[in-house]
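Please have the structure in view as we go.

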Amino acid sequence: MKIGKYELHSIETGRFALDGGAMFGIVPKELWGKLHPSDGQNRIEMALRSLLIMDDKRKILVDTGIGTKLSKKNQKIYKIDQTKHNLEASLEKYGLETKDITDVILTHLHLDHVGGATYLEGKKHKLTFPNAAHYVQKTHHEWAIKPSERDKGSFIREDFKTIEGEGKLRLLDGYAMILPNIDVIIYDGHTIGQQLIKISDGINTLVYCGDVIPFTSHINLPYIASYDISPITSIEDKEKLLTRACNGDWVLFFEHDPVTEAVKVEKIKKEYTIKETISL
Ligand SMILES: [Zn+2]
């Protein structure tokens with residue numbers, strides 16, 4: 001897909017699995033189970049899909065997947081599978097290596113979004129994208145350093161400490177246009193200061209939905225993950241985003257949907273629904 005001068009590509013970095021109940025909050029399994037088959041441990045398959053935005057000068061990556069640093073025990077818990085897809089192989093399809101990435105925009109610092117930004121060499125954490133500026137919201141960075149008891153399991157300090165230590169962290173204070181035609185929209189329901197990335201040339205627009213709408217099934221407003229720290233705000237966040245997406249004919253790109261990369265939406269009666277499925 002092309003928007004303005006940018007070429008956009010889906011970068012699959014692997015698969016993992018989370019508890020289906022946790023992904024859909026108060027929605028009964030009788031309903032979500034029909035959309036997302038679960039394994040014997042109630043886990044459902046999730047994509048780790050980054051977005052590559054490139055022109056002749058900049059190679060921008062949105063989110064980095066879960067990476068390769070988790071312990072054997074955690075790899076088993078999260079059912080990590082990087083045999084079919086991994087970051088390096090996906091970048092290679094477009095003639096790129098990790099050192100070619102100029103900018104990394106992180107929606108937020110949960111381990112499945114920032115984990116791929118560093119890797120282990122022996123016991124030392126190294127930057128996967130040594131030449132890239134890494135963008136995070138300031139409010140989110142502060143939260144991630146001192147998370148609540150409820151969400152501290154979603155952050156691994158070492159994941160982003162290295163970015164800071166190497167002088168590659170760029171903290172954004174609210175709305176920002178990172179590059180021409182690329183700006184960020186802030187949402188606070190899932191965590192404090194999550195930023196979604198919007199690429200628009202005034203005619204075509206794509207939004208990287210991060211954890212505001214992780215799967216297409218979350219287009220249904222009450223489908224809110226239990227991971228969200230403020231579920232009511234999450235519903236309001238989603239409604240704001242879906243209204244703008246309907247009005248502007250935006251493409252919504254999904255980080256975690258195991259099947260669908262992107263869609264356009266419409267509102268029929270009072271419900272938001274998929275108008276068109278899109279593959280980048
Ligand atoms: Zn998250």
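Predicted model: local features only at pLDDT ≥ 70, side-chain atom pairs only at ≥ 80, totals over all residues.

Let me start with the largest pocket, to whose lining β2 (6–19) and α5 (111–114) each supply at least two residues; the names follow DSSP runs numbered from the N terminus, with helices being H or I runs of at least four residues and strands being E runs of at least two. Residues are numbered from 1 along each chain as its sequence is written, and side-chain values use heavy atoms, with hydrogens and water left out.

The space in this largest pocket comes to about 290 Å³, and of the 18 residues lining it, Leu 18, Tyr 78, Asp 112, Ser 154 and Tyr 227 are the closest to its centre. By pocket I mean an open set of points on a 1 Å grid over the protein atoms alone, with protein on both sides within 12 Å along at least five of seven lines, whereas a cavity is a set where a 1.4 Å probe fits but cannot get out; lining residues have an atom within 4 Å of a point. Sorted by class, this lining has nine nonpolar, five polar and four charged residues, where Ala, Val, Leu, Ile, Met, Phe, Trp, Tyr, Cys and Pro count as nonpolar, Asp, Glu, Lys and Arg as charged, and the others, Gly among them, as polar.

The second largest pocket holds about 210 Å³ of space, and Leu 35, His 36, Thr 216, Ser 217 and Ile 274 are the closest to its centre among the 14 residues that line it. Strand β16 gives the most to this lining, with four residues, and the classes here are six nonpolar, six polar and two charged.

That strand brings us to the sheet. Seven strands form an open sheet in the order β10-β11-β12-β13-β14-β15-β16, with mixed pairing, and two strands pair if DSSP finds at least two bridges between them. Since β10 (176–179) and β16 (271–278) stand at the edges with a single partner strand each, one side of each is left without a neighbour in the sheet. Further in, β14 and β15 (residues 262–268) pair in the antiparallel sense over two bridges, and the bridge partner of Phe 253 in β15 is Ala 262.

Phe 24 and Trp 32 are stacked, at 5.8 Å centre to centre and 25° between the planes. Are these two residues buried or exposed? Phe 24 is buried, with a relative accessible area of 0%, and Trp 32 is buried too, at 2%, where buried means under 20%, exposed over 50% and partly exposed in between, with a 1.4 Å probe and protein chains only.

Tyr 208 and Phe 253 are also stacked, because their ring centres are 5.6 Å apart and their planes at 25°. Tyr 208 lies in β13 (residues 205–208) and Phe 253 in β14 (residues 251–253), so the pair ties together parts that are 45 residues apart in sequence.

Terms used: Phe/Tyr/Trp six-rings, centres within 6.5 Å; stacked < 30°, edge-to-face > 60°. Points joined across faces, edges and corners; volume = space filled by probe spheres on them.
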